Amino acid sequence: MDKERELRGSRDAALDGDGLRLPRIFAEGMVLQRSRRTRIWGWSHKVKSVEVTLYDGSRISARAEAKPDESGYWEVLLELREAGSGYLLEIRTDSGDVRKIENVAVGEVWLCSGQSNMELPIRRIQDRFPE
């Protein structure tokens with residue numbers, strides 16, 4: 001998807017303060033893939049820089065900075081190494097807009113699809129795998 005189309009689709013972005021927008025997929029409880037460069041993006045007008053930081057408690061786990069283009073679009077690639085949970089993702093602009101996303105996990109991300117064949121209650125296979 002090109003940047004212009006993403007910008008026009010801003011209905012799917014959450015607005016914070018005067019102009020820091022993030023896609024709604026960046027939300028509390030999200031899981032980011034570990035051991036990969038993970039893309040975080042959004043829009044922010046009238047700023048010179050956007051800094052994205054992932055905190056593990058008070059320790060910085062990953063940090064990257066971007067400069068928005070003329071449409072306000074920016075993106076960073078975070079180097080995520082350690083799996084864990086309870087991280088805080090903070091996005092901050094040089095104009096003082098801040099967005100904090102709590103309870104972020106870093107680990108293995110699996111995408112599955114299907115219909116009723118994806119549902120398998122443990123009780124149906126419990127006898128096959130005794131403790």
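# Notebook: salt bridges, sheet and surface

I began with glutamate 90, which is buried at a relative accessible area of 7%. Here buried means under 20% relative accessible area, exposed over 50%, and partly exposed in between (1.4 Å probe, protein chains only). A note on the ground rules: this is a predicted model, where local features need pLDDT of at least 70 and side-chain atom pairs count only at pLDDT 80 or more, while totals for chains, interfaces and linings use all residues. Residues are numbered from 1 along each chain as its sequence is written, and side-chain values use heavy atoms, with hydrogens and water left out.

**Entry 1: salt bridges.** I looked up the partner of glutamate 90 and found lysine 100, with the closest N and O atoms 3.8 Å apart in a salt bridge. The pair links distant parts of the chain, with lysine 100 in strand 9 and glutamate 90 in strand 8 (residues 84–93), 10 residues apart. My criterion for a salt bridge is a side-chain nitrogen of Lys or Arg within 4 Å of a carboxyl oxygen of Asp or Glu. By this rule I get eight salt bridges.

Next I checked arginine 37 and glutamate 79, whose side chains meet in a salt bridge at 3.3 Å, N to O. Arginine 37 sits in strand 4 and glutamate 79 in strand 7 (residues 73–80), so the pair ties together parts that are 42 residues apart in sequence. Arginine 37 is exposed at 54% relative accessible area, and glutamate 79 is partly exposed at 37%.

I then turned to aspartate 56 and arginine 59, a salt bridge with its closest N and O atoms 3.3 Å apart. Aspartate 56 is partly exposed at 29%, and arginine 59 is partly exposed at 39%. I also noted that Asp56, Arg59 and Glu82 are linked in a network of salt bridges.

**Entry 2: strands and sheet.** I counted two helices and nine strands in the chain; these are DSSP runs numbered from the N terminus, helices being H or I of at least four residues and strands E of at least two. Five strands form an open sheet of mixed pairing, in the order 3-9-8-5-6. Its edge strands are strand 3 (31–33) and strand 6 (59–66), each pairing on one side only. I call two strands paired if DSSP finds at least two bridges between them.

Strand 3 runs parallel to strand 9 (residues 98–107), joined by three bridges, and glutamine 33 stands opposite glycine 107. Strand 2 and strand 4 (residues 36–44) pair in the antiparallel sense over two bridges, with leucine 20 opposite serine 44. In strand 2 (residues 20–23), Leu20 and Leu22 point one way and Arg21 and Pro23 the other, and all are buried.

**Entry 3: glutamate 102.** I found glutamate 102 in strand 9, partly exposed at 49% relative accessible area. Leaving aside neighbours within four places in sequence, glutamate 102 is in contact with Glu28, Gly29, Tyr87 and Leu88, where contact means heavy atoms within 4.5 Å. Glutamate 102 and alanine 27 are 75 residues apart in sequence and 7.9 Å apart in space, C-alpha to C-alpha.

**Entry 4: whole chain.** Of the 131 residues, 38% count as buried. Among contacts with a separation of 6 or more, 56% come from residues 24 or more positions apart. I also kept a note on leucine 111, which lies in the loop between strand 9 and helix 2 (122–125) and is exposed at 80% relative accessible area.
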